[in-house]
Structures are given as structure tokens and as C-alpha cells.
Amino acid sequence: MSGRNALTAYRGKRHFDRTAEPPGEQPPAGETPCFVVQIHDASTLHFDFRLEVDGVLKSWSVPKGPSADPHDKRLAMSTEDHPLEYREFEGVIPAGEYGAGTVIVWDQGSYHPLTRKKKGRTRSFSESLADGHASFWLDGSKLHGGYALTRFRTGEGPGKRESWLLVKENDDRAGRRGTPDAWRARSVRSGRTLKRVAAEEAAERGDG
Ligand code: MN
């Protein structure tokens, strides 16, 4: 499943008359695929790691966030595909709505697949993901270099959440920086922290 039809699960979870999140109606643009990492202060604080693939953002929830240290194996739970416009979403998802809480865009940029041949044939990036292993090079403001996503448990049941590991490759952009502090982290788009975004939206609603 790809493109707009891949967004059925995303749309089914949300009320677009109540949340400012995008419904995903704009066609994809641009040739270089993008990635985004959001910090989401939902029922549990997590990072959302998203890669543009076939016109949507393939998405993983990463509780501890990405690490530049190849020794860190970061759990990444697959979540529903998001529309491309979601890469710009920063704000507060209202109480009672799916994913209620504050979101900031922690990092954004472009990526390119690090292709590996299987049986002499070059696989597409989406084929690699479907097979459960894909590596890619990130050119972000904060994240740089090769990373790999590897699935270690397939999803069961209606939600079908898969368990993956997000790991830095051992290249010249590897480092010792571990977990970013989600509360101190600032948006790459606005320079704001989670608390600042929450306070500004509360003030706009008149209850701050
Ligand atoms: Mn999230």
C-alpha cells in the first residue's frame, strides 16, 4: 500500500475538525526524500521518526530517541503512515484526541538509501523496508550519517505494530552523544521547547 490510500489508518484515528494535524490532501512534491524527527509529549514521551517513502511518511515511535552512538540499539515501534505535510506539524493535539499532547519538530532534512544488493538485484527502499532491513544516510540539522532500521518482531492483531531497532552505522559521523534530553531539546523549525509550545498554545486559547 502506498500513497494516499496508505493514510486510511491515520485518518481513521483523528478528528480534523478538532486537531490542527494535517489531513494529508496535498500531493507529494520534491525529488529528494525527506525525514523528520518529532518529539511528542503524549501519554508517554517519545520521538517520532519518519521517512518519506512512496509519497507518505513511514513512521516509528522511538521511546528514547535516535542516538549517534552505534552501540545504542533504540527500540522503534512502527506506527501508521503519516501524510507528507506532517513533517511541518508542531503544536498541541487537543485533550481527548488521538495522540493528545505537544509536538515539536526536533530535526528535519533529507536522506538517501544506502543500497544493498540481494541476489544480484538492487532492491527499492520500500522493498528493503518490507523485507525488514533498510539502511540510509541522513542529512539533517542534528542527525547525520548512516542509520539502519531492522525489524525483529512482526506485528500481530489489528494495530500490527512491528518492533524494529534504529541503530547508528559505524561511519565518520558516529559519536558518543547518547539520548537527547527531550525536555531541553529545541525545535529545528522554531527554536521552541515542548514547554514553550504548550504555553504559547494555552495562551492563544485564553487559558494560559
Ligand atoms: Mn507520536
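**Entry 1: the whole chain**

How much of the chain's 208 residues counts as buried? I looked this up before anything else. The share is 44%. I note here that this is a predicted model, and I read every value below with that in mind.

Next I went through the secondary structure. I found three helices and eleven strands in the chain. Written out along the sequence, the pattern is α-β-β-β-β-β-β-β-β-α-β-β-β-α. I then checked the overall size. The radius of gyration is 17 Å, and the globule rule gives 17 Å for 208 residues, so the chain is as compact as a globular protein of that length. Along the principal axes, the C-alpha atoms fill a box of roughly 60 × 40 × 35 Å.

I also looked at how the chain folds back on itself. I took contacts between residues at least 6 apart in sequence; of these, 60% join residues at least 24 apart.

**Entry 2: the metal**

Which residues coordinate the manganese ion? I found His40 through ND1, His46 through NE2 and Asp48 through OD. The distances run from 2.1 to 2.3 Å. Along the chain, these donors follow the spacing H-x5-H-x1-D.

**Entry 3: aromatic rings**

I counted the aromatic pairs and got nine in the structure. I looked at Phe49 and Phe136 in detail. Their ring centres are 6.0 Å apart and their planes meet at 35 degrees, so I logged the pair as tilted. Stacked would need planes under 30 degrees apart. This pair ties together distant parts of the chain. Phe49 belongs to strand β2 (residues 45-53), and Phe136 to strand β9 (residues 133-140). They stand 87 residues apart. Both of these phenylalanines are buried.

I moved on to Tyr86 and Phe89. This aromatic pair is also tilted, with 5.3 Å between centres and 40 degrees between planes. Tyr86 and Phe89 are both buried.

One more ring went into the notebook. What sits over the ring of Tyr147? I found the charged end of Lys168 there, 5.1 Å from the ring centre.

Is Arg74 buried or exposed? I read a relative accessible area of 5% for Arg74, so it counts as buried. I placed Arg74 in strand β4 (residues 74-83). I then listed its contacts, skipping residues up to four places away in sequence. Among them are Val62, Lys64, Gly65, Pro66 and Ser67. Further along the chain, Arg74 also touches Trp164, Leu165, Leu166, Gly178 and Thr179.

Where is Arg177? I found Arg177 in the loop between β11 (163-168) and α3 (194-205). Its relative accessible area is 54%, so Arg177 is exposed. Leaving out neighbours within four places, I saw contacts from Arg177 to Ser67, Ala68, Asp69 and Lys142. I also took one distance. From Arg177 to Thr44 is 133 residues in sequence and 23 Å in space, C-alpha to C-alpha.

**Entry 4: Ser128**

I looked up Ser128 next. It lies in helix α2 (residues 125-131). Its relative accessibility is 9%, so Ser128 counts as buried. Beyond the residues up to four places away, Ser128 touches Arg123, His133 and Ala134. Ser128 and Pro113 are 15 residues apart in sequence, and their C-alpha atoms are 9.6 Å apart in space.

**Entry 5: a backbone angle**

Which phi does Asp54 have? I noted a positive phi of about 50 degrees, although Asp54 is not a glycine. Asp54 lies in the loop between β2 and β3 (56-62). With a relative accessible area of 47%, Asp54 is partly exposed.

Key: Residues numbered from 1 in each chain as written. Predicted model: local features only at pLDDT ≥ 70, side-chain atom pairs only at ≥ 80, totals over all residues. Heavy atoms only, no water. Phe/Tyr/Trp six-rings, centres within 6.5 Å; stacked < 30°, edge-to-face > 60°. Helix = DSSP H or I, 4+ residues; strand = E, 2+ residues; numbered from the N terminus. Buried < 20%, exposed > 50% of the residue type's maximum accessible area, 1.4 Å probe, protein only. Lys NZ or Arg CZ within 6 Å of the ring centre and 35° of its normal. Rg over C-alpha atoms; globule rule 2.2 N^0.38 Å. Contact = heavy atoms within 4.5 Å. Donors = N, O, S within 2.8 Å, 3.2 Å for Na, K, Ca; no water.
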